Amino acid sequence: MDPKHPDPHLQQRTITVLLIDDQPIVAEAVRRMLKGEEDIELHYCPDAARAVQAAVTLRPTVILQDLVMPEMDGLTLVRYFMANAKTRDIPLIVLSSKEEPIVKARAFGLGASDYLVKLPDKIELIARIRHHSRGYISFLQRNEVMTRLAAELNEAADYVRKLLPAPISRGPILTDWRFLPSASLGGDTFDYYWLDDDHFAMYLLDVCGHGVGAALLSVSVMNVLRTQTLADADFRRPAQVLSALNERFSMENHKDMFFTMWYGVYSPSSRELVFAGGGHPPALLISPSAGGDGTQTTLLTNTNTMVGCIPDYPFQSASAEVPASSRLYLYSDGVYEIQCADGSMWDLEGFVEFMEGACTPGGQGEACLDRLWQHVRQMRGKESLEDDFSIVQFAWP
């Protein structure tokens with residue numbers, strides 16, 4: 001179904017009945033019962049062998065099916081309807097000449113929606129046709145809305161992904177990233193760019209919750225940072241940036257939504273990285289050890305609160321030296337809060353330990369990120385994630 005062109009059959013809410021019975025006299029009796037019901041259309045198929053294809057073509061809102069036919073056992077035909085993806089959800093009312101509890105149980109067990117002894121009373125037949133058809137039409141309308149919503153969410157996710165920066169493969173700082181969204185539209189985003197010749201900004205943020213609201217807030221923050229339209233904020237000073245964002249995007253004005261964020265600015269002339277974290281997981285800096293025979297791991301964090309929660313909060317910055325051949329990783333909690341197939345939860349400690357072994361300075365950065373994703377998939381036991389998987393790597397050659 002094309003989500004941009006709704007099914008006119010659903011819009012008109014026409015009740016369409018497909019009767020399957022080898023006896024024309026039964027068809028004529030049902031036709032007379034439904035005569036005068038302007039919102040009900042009756043279609044007749046006397047051949048059980050053609051019944052499934054007739055239903056696929058007609059797309060009825062309810063099927064009336066006899067249980068005793070010369071070409072095929074009625075319960076077998078019920079199985080065929082239930083086995084076909086295009087007919088299994090259509091309400092099926094079994095018509096039988098006998099009131100047999102065992103047969104009823106078998107019919108319901110195979111997927112029939114109702115059971116009537118033929119020929120039923122006219123008022124009862126019409127009431128049951130309307131009841132099952134309206135339920136099925138509502139089911140189809142809900143599915144149509146869900147299909148359209150899914151298409152719109154996919155478009156929104158694609159838009160958010162196109163906003164992410166391109167990897168940098170040349171220069172004093174090299175970048176790479178992996179962004180694998182969860183099943184729901186999330187609120188992760190990140191960016192990096194030169195503020196001037198000696199200041200390189202980088203950040204990653206994660207809006208609480210999922211859905212369109214979270215995605216819109218993350219995009220709004222990204223646009224403000226890219227256009228540098230925060231009043232009284234020096235974008236070379238991370239604490240000022242988080243303070244200004246905290247006032248601009250107060251949860252009181254954004255439907256109780258807030259976000260975590262890590263924002264840093266690196267100066268090549270001094271090799272100093274100044275940063276401020278707002279309730280976000282610590283950045284991971286992996287550098288060569290002082291002796292040159294190993295690595296040194298540093299978690300770059302401070303104790304600031306989440307952004308948007310507390311008005312006038314005094315955000316603080318910290319700093320760290322970035323030696324040559326270092327690697328820095330910004331990431332969301334969706335990278336390490338992984339529900340494993342065995343029921344355990346992978347945590348930050350496990351993530352840091354894995355990165356220390358997989359991402360040594362001077363090695364292949366792409367291989368490191370791919371190894372991380374492969375490890376997460378193996379632990380998870382399936383492709384889908386409960387949260388966005390976002391990680392950015394910065395490498396100093």
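Trainee: What radius of gyration does the protein have, and what would a compact globule of 397 residues have? Then, within helix H8, which residues are buried, and what do they pack against?

Mentor: This is a predicted model, in which local features need pLDDT of at least 70 and side-chain atom pairs count only at pLDDT 80 or more, while totals for chains, interfaces and linings use all residues. Residues are numbered from 1 along each chain as its sequence is written, and side-chain values use heavy atoms, leaving out hydrogens and water.

Overall size comes first. The radius of gyration is 31 Å, whereas a compact globule of 397 residues would be near 21 Å; it is taken over C-alpha atoms, and the globule rule is 2.2 Å times the number of residues to the power 0.38. Along the principal axes, the C-alpha atoms fill a box of roughly 95 × 45 × 35 Å. The protein has 10 helices and 17 strands; these are DSSP runs numbered from the N terminus, with helices (H or I) of at least four residues and strands (E) of at least two.

Of the 397 residues, 47% are buried, where buried means under 20% relative accessible area, exposed over 50% and partly exposed in between (1.4 Å probe, protein chains only). Among contacts with a separation of 6 or more, 68% join residues 24 or more positions apart, a contact being heavy atoms within 4.5 Å.

Now the part you asked about. Helix H8 covers residues 238–248, and its buried residues are Pro238, Ala239, Val241, Leu242, Ala244, Leu245 and Asn246. As a general point, an α-helix has 3.6 residues a turn, so residues three or four places apart point the same way. The buried residues of H8 pack against helix H7 (212–227), strand S9 (259–267) and strand S10 (272–278).

Arginine 271 is in the loop between S9 and S10, and its phi is near 60 degrees, a positive value in a residue other than glycine. Its relative accessibility is 27%, so arginine 271 counts as partly exposed. Serine 325 also has a positive phi, near 65 degrees, and lies in the loop between strand S13 (318–321) and strand S14 (327–331). At 30% relative accessibility, serine 325 is partly exposed.
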